[in-house]
Amino acid sequence: MAPDPWFSTYDSTCQIAQEIAEKIQQRNHCERRGEKTPKLTLTIRTLLKNLKVKIDTLKDLLLRAVSTRQITQLEGDRRQNLLDDLVTRERLLLASFRNEGAEPDLIRSSLMSEEMKRGTPNPWLCEEPEETRGLGFDEIRQQQQKILQEQDAGLDALSSIISRQKQMGQEIGNELDEQNEIIDDLANLVENTDEKLRTEARRVTLVDRKSTSCGKRWHCPSRLGLARLSVLPAAPCCCLP
């Protein structure tokens, strides 16, 4: 497998930064002895320009690799940390070249102490997971694509389950609406039947009253007739003397 161009560019950039630091030390040593250093100064300035070009190239390569998913997100973060360290080193080297900062050795030691204070882990010291250990970039990318496909399949299954549950909920709601309509109809029927029963009860009571009053009316005249018959005088009997 061909080497990753990002790492080859990174290695050459680190070599340029190291060379700049050595040249700055050499220049400062010559200046302290009173020697002129125009050649060294020109060399350092050229190396600083090359360092800036290399860092810009690393930025473009990293952006392209992340946007096209040639590397994983973890690998992209690791390379971004390395690139940030290079940018910081470039700034410090430039300040040292302009005699605005400390010596390169002091710069290197201060960077290490600051990282220890912040507890910033070295990205290269992170243990690689078992899933990607020993795999190339293409194999890691295929593994990531497989994981994404499995996640998509899981999301599709979850969406299908939610849709089915939604449909079941709608059917249950429709069934409840129908049952409520039936209950309303039964309530109306019961109310109408109760009203009819009360009406018939009133009619039966009225008929009973009428029949009772008619019975009393027929009973009273019969007694009056008997009384009249008892009051009439007896007729003389022809058989008596």
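How many salt bridges does the count come to? By the rule that a side-chain nitrogen of Lys or Arg lies within 4 Å of a carboxyl oxygen of Asp or Glu, the count comes to 8 salt bridges.

This is a predicted model, in which local features need pLDDT of at least 70 and side-chain atom pairs count only at pLDDT 80 or more, while totals for chains, interfaces and linings use all residues. Residues are numbered from 1 along each chain as its sequence is written, and side-chain values use heavy atoms, with hydrogens and water left out.

**View 1. The chain and its helices.** The secondary structure comes to 5 helices and 0 strands, where helices (H or I, at least four residues) and strands (E, at least two) are DSSP runs numbered from the N terminus. Of the 241 residues in the chain, 19% are buried, a term that stands for under 20% relative accessible area, with exposed meaning over 50% and partly exposed in between (1.4 Å probe, protein chains only).

**View 2. Helix H3.** The end C-alpha atoms of helix H3 (residues 73–97) are 36 Å apart, which agrees with the 36 Å that its 25 residues should span at 1.5 Å a residue; the expected span is 1.5 Å times one less than the number of residues. Among the buried residues of H3 are Leu82, Leu83, Leu86 and Phe97. Just after H3, Asn99 takes a positive phi of about 60°.

**View 3. A network of salt bridges at Asp4, Glu75, Arg78 and Arg79.** These residues, Asp4, Glu75, Arg78 and Arg79, are linked in a network of salt bridges. The side chains of Asp4 and Arg79 meet in a salt bridge with an N to O distance of 2.5 Å, and this pair links distant parts of the chain, since Asp4 lies in the segment before helix H1 (5–32) and Arg79 in helix H3, 75 residues apart. Both Asp4 and Arg79 are buried. Arg78 forms a salt bridge with Glu75, whose closest N and O atoms are 3.7 Å apart; the two residues are 3 residues apart in helix H3 and so separated by about one helical turn. Arg78 is buried at a relative accessible area of 17%, and Glu75 is buried at 12%.

**View 4. The pair Asp194 and Arg198 in helix H5.** Asp194 forms a salt bridge with Arg198, the closest N and O atoms lying 2.0 Å apart. Because Asp194 and Arg198 are 4 residues apart in helix H5, about one helical turn separates them. Asp194 counts as partly exposed at 35% relative accessibility, and Arg198 counts as partly exposed at 38%.
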